[in-house]
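Subject: Structure handover and notes

Dear colleague,

Please read them with the structure open beside you.

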Amino acid sequence: MVASSKMRRAQQAALAGRPYAGLMNEVLAEVAGNVGDYTHPLMEKREVRKRVLILVSTDKGLCGALNTNLFRELTAIDATGASFSAVGRKALQFLVRTRRNLLADFQVSEIPRTQEVRPIADFCVEKFLSGEVDRVRVVYSKFVNTLAQQATTVNLLPVSPEELHGEEEEAKVSSGEFLFEPSEQGVLTAILPHYVSYQIFQMILDARASEHSARMVAMKNATDNAKQLVKDLTLHYNKVRQASITTELLEIASAQLSVG
């Protein structure tokens, strides 16, 4: 019951944040299309020589193949010129075990808060603006439903206007007209850092929902397997016991016939 309650809360938090993320994408796509030749530093596309991959995992195990699929997704990415950051204890252990170039390690509580995510966003923005890295990507478990979680890699920086609409159903271009005050450039400058922070926050919410869902499914499968094992062993025990009783009866009957 406790695990089920945690799963419901995590799923509700992940799903509740998606409409806000979709609307933010819509507004940002609109303002980015109205700034003319102006390019914000967080949207500057450069030749990718160095990059950071942020791996978002669970803190605990016992959640089926969730982390295994996540690590397989990361391993499939070309790691040439890549550095890594970990969010979650399992991600840290994996990166250390595989001897990756680890830049930072972040810990987030079971119920993520925005103030916990801000240092991660600041780290990404600082590395990108300073020119230390040319691209920031995030590998996390996207929540689909209770039975399905998808290991996903997304580009975080630079922010691409073409990708702002995304694949989310909520991120649809509005047919209405937007008015920006004091200017499109001012709104873009103000909203982009918040956009980066909220994107990371939403990914961590998805990762938490995926974790609790995968753990519930793993617990149910383990319980069902244990019950089936008890049934099989009970049946085997009864068969052996019945065979033993039958053998004893035959021996008694044979002994009586011999005496007679």
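S83 touches R51, V52, L53, N101 and L103, where residues up to four places away in sequence are left out and a contact means heavy atoms within 4.5 Å. This residue sits in strand β2, which covers residues 82-87; helices (H or I, at least four residues) and strands (E, at least two) are DSSP runs, numbered from the N terminus. S83 has a relative accessibility of 12% and therefore counts as buried, given that buried means under 20% relative accessible area, exposed over 50% and partly exposed in between, with a 1.4 Å probe and protein chains only. Between S83 and N101 there are 5.1 Å from C-alpha to C-alpha, although the two are 18 residues apart along the chain.

Before going further, please keep in mind that this is a predicted model, in which local features need pLDDT of at least 70 and side-chain atom pairs count only at pLDDT 80 or more, while totals for chains, interfaces and linings use all residues. Residues are numbered from 1 along each chain as its sequence is written, and side-chain values use heavy atoms, with hydrogens and water left out. The average pLDDT of the chain, that is, the predictor's confidence in each residue from 0 to 100, is 86, and 93% of the residues score at least 70. Over residues 167-173, however, the pLDDT is below 50, and this stretch has twelve contacts in the model beyond near neighbours in sequence.

Leaving out residues up to four places away in sequence, D206 touches A14, R18, Y140, S141, K142 and F143, whereas the contacts of S141 include L66, L70, Q150 and A151 along with D206. The side chain of D206 also reaches the backbone nitrogen of F143 at 3.1 Å. D206 and R18 are 188 residues apart in sequence, yet their C-alpha atoms are 9.7 Å apart in space.

Some backbone details in the loops also deserve a look. The peptide bond from L157 to P158 is cis, with omega near 0°, and P158 belongs to the loop between β5 (148-157) and α5. L62, in the loop between β1 (51-56) and α2 (66-75), has a phi near 60°, a positive value in a residue other than glycine, and counts as exposed at 78% relative accessibility. R99 likewise has a phi near 60°; R99 is in the loop between α3 (89-97) and β3 (102-106) and is exposed, with 78% relative accessibility.

Helix α5 (184-259) and helix α1 (2-32) each supply at least two lining residues, and the largest share, five residues, comes from α5.

Best wishes

Note on methods
A polar contact is a pair of N or O atoms within 3.5 Å; within protein, one must be able to donate a hydrogen and the other to accept it, and residues adjacent in sequence count only if both atoms are side-chain atoms.
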